[in-house]
Amino acid sequence: MSILVRNVSKRFGDFVALDDVSLEVESGSLTALLGPSGSGKSTLLRIVAGLEAPDTGEIVLAGKDATALAPQKRNVGFVFQHYAAFKHMTVRENIAFGLRVRKRPKSEIDERVDELLGLVQLHGFADRYPGQLSGGQRQRMALARALAPEPQVLLLDEPFGALDARVRAELRDWLRRLHDVVHVTTVFVTHDQEEAMEISDQIAVLNHGRIEQAGTPRDLYDRPASEFVMTFLGDANVVGGALVRPHDIELLAAPEEDAVEAMVVRVTFLGRDAKLELHDADGGEIVVLLTRDRAEELQPWRGQTVWARPKRDRVLARAG
Amino acid sequence: MPRHALRLAALGYLAAILVGPLAIVFWRTFENGFGPAWSALTTPETAHALKLTLIVTAIAVPVNTVFGVVCAIAIVRRRFPGKGFLNAFIDLPLALSPVVVGLSLYLLYGREGWFGGWLAKHGIEVLFALPAIAIATVFVSLPFVAREVVPTLREIGDEQEQAARTLGASGWQTFRRITLPSIRWAVVYGVILTTARCLGEYGAVAAVSGRIQGRTETATLRVQERYESFDLAGAYAIAIVLALAALAVLAALTLSKSRARAA
């Protein structure tokens, strides 16, 4: 089911949470709403779910105006950052909730819940209470619960935000694989650009209640529409008046055309890459990421003079 | 040493203020065995007084439970004009002397009162009858359920309710399956406190009931009446029933507290 957000604005008192936001989400895609805290990304998601009403503008779900529709009639699944587990129900009862309130026959409910328990790998935990599960397990339960009534849209509000780094990465991969199997139109909110880049088909970058840019991860990374998008999606340097990503800088041992003279201040090996911090003649800092092979070729050392040149077709913008 | 002294002081204070008088009531009641106490309790007037107290409690507790839960949800979950006023108003019966409550009912339902004339014309008795006693009791026991439920609702937050809505639950289903189970121990606790207050109410009821023996006399009023008629055995026997009810309430409170902690 496609989602259309048309000219939506929302204020909380004096605070403008969303300012004339429009966005189109294709049916079956996985879209990330990416932005810093307070950018309005969660508010936008909650408006799509019907948990908040927009002051102006409209929400169109599958071609039908859903702006005034109550959340229980929108057929959306919602996953909360802090799980919102029903504490007084077992895992099985939690997952069955959406089917029970729809008064589905018991045999159908049992079958569907078993299927979902398998999908989220919680088979052995069906009779436990949420309090007896780890954070990652609770979030998988919440996902199964949201998917049980076969929603047309799955909305996730910082779903991995409360989990530690390893579980986060695991669940992130798992969500991508799940999406490839289930194909439900999915929108998730995150402030983690890596997370957004890694699993989504489309990213909408929000800042101060506006969408700065929406597009594929590649588009946004290589052709950012604003300085905000550019810096939010990754580091960027000014090298000789050109804005460029750290791994799109060539280092040369001798002066060449367009190359800027700089001094190596610090060398750090990060495993796969080496990170070099340079100072140019004006004292401006340049961060360069080199592949391991290139770093071994160059053998950089502290105090060495090098020449930095942006790779020609990778310049993001000209700095003013 | 100071720890022992502190404990001793606390226990001594409790003994002097609470346990001592209660023990004396027990002792006095059963001084001459169970016989006199039993016959004092089974006089028609006393039996009626106990029955009336139970009836009034059975009216006031459900009314205030429903009202308390609805008010708590309104205060915590909704935004509406006059919310601050409602929040403050709920505490009024705690601050107001029950006698004042009784007096205000007089002003409303007395023959010269706002509704009194109209009600008298239609043959509805309020004052010096069950309705006035029930209204007075409802008034003084109003805050307890709401006051217990409000902090619990705040604590659990509304995410579970929102999750239920997105899963297709209607407002009533959400209340029935999510909100109510989450606040059930707070409601139980509030109901117990309300019950205790209803059983023990004296001042407001004294003002509006007319104290007609065998008709509008509640258990607490009966204790006073027996005492003033120099029937100490009778007074003590009813007092014992009320005291036992209080102890039962206390036990229920303790139990529901430990259950609530376990849940």
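## Where the chains meet

The contact between the chains draws on 15 residues of chain B and 18 residues of chain A. Two residues count as in contact if their C-beta atoms, placed from the backbone, lie within 7 Å. On the side of chain B that touches chain A, α10 (159-166) and α11 (171-200) of chain B each give two or more residues. Helices are DSSP runs of H or I with at least four residues, strands are runs of E with at least two, and both are numbered from the N terminus. α10(B) gives the most, with 7 residues.

By class, this side of chain B has 6 nonpolar, 7 polar and 2 charged residues. Nonpolar means Ala, Val, Leu, Ile, Met, Phe, Trp, Tyr, Cys and Pro; charged means Asp, Glu, Lys and Arg; the others, Gly among them, are polar.

## Model and confidence

This is a predicted model: local features need pLDDT of at least 70, side-chain atom pairs count only at pLDDT 80 or more, and totals for chains, interfaces and linings use all residues. Residues are numbered from 1 along each chain as its sequence is written, while chains are lettered from A and ligands numbered from 1 in the order in which they are written.

The predictor's confidence in each residue is its pLDDT, from 0 to 100. Chain A averages 91, and 99% of its residues score at least 70.

## An open sheet in chain A

In chain A, 5 strands form an open sheet in the order β13-β17-β14-β15-β16, with antiparallel pairing. Strands pair if DSSP finds at least two bridges between them. β13 (249-252) and β16 (285-291) of chain A each have a single partner strand, so one side of each lacks a neighbour in the sheet.

Strands β14 (residues 260-269) and β17 (residues 305-310) of chain A pair over 4 bridges. A:M263 has A:T305 in β17(A) as its bridge partner.
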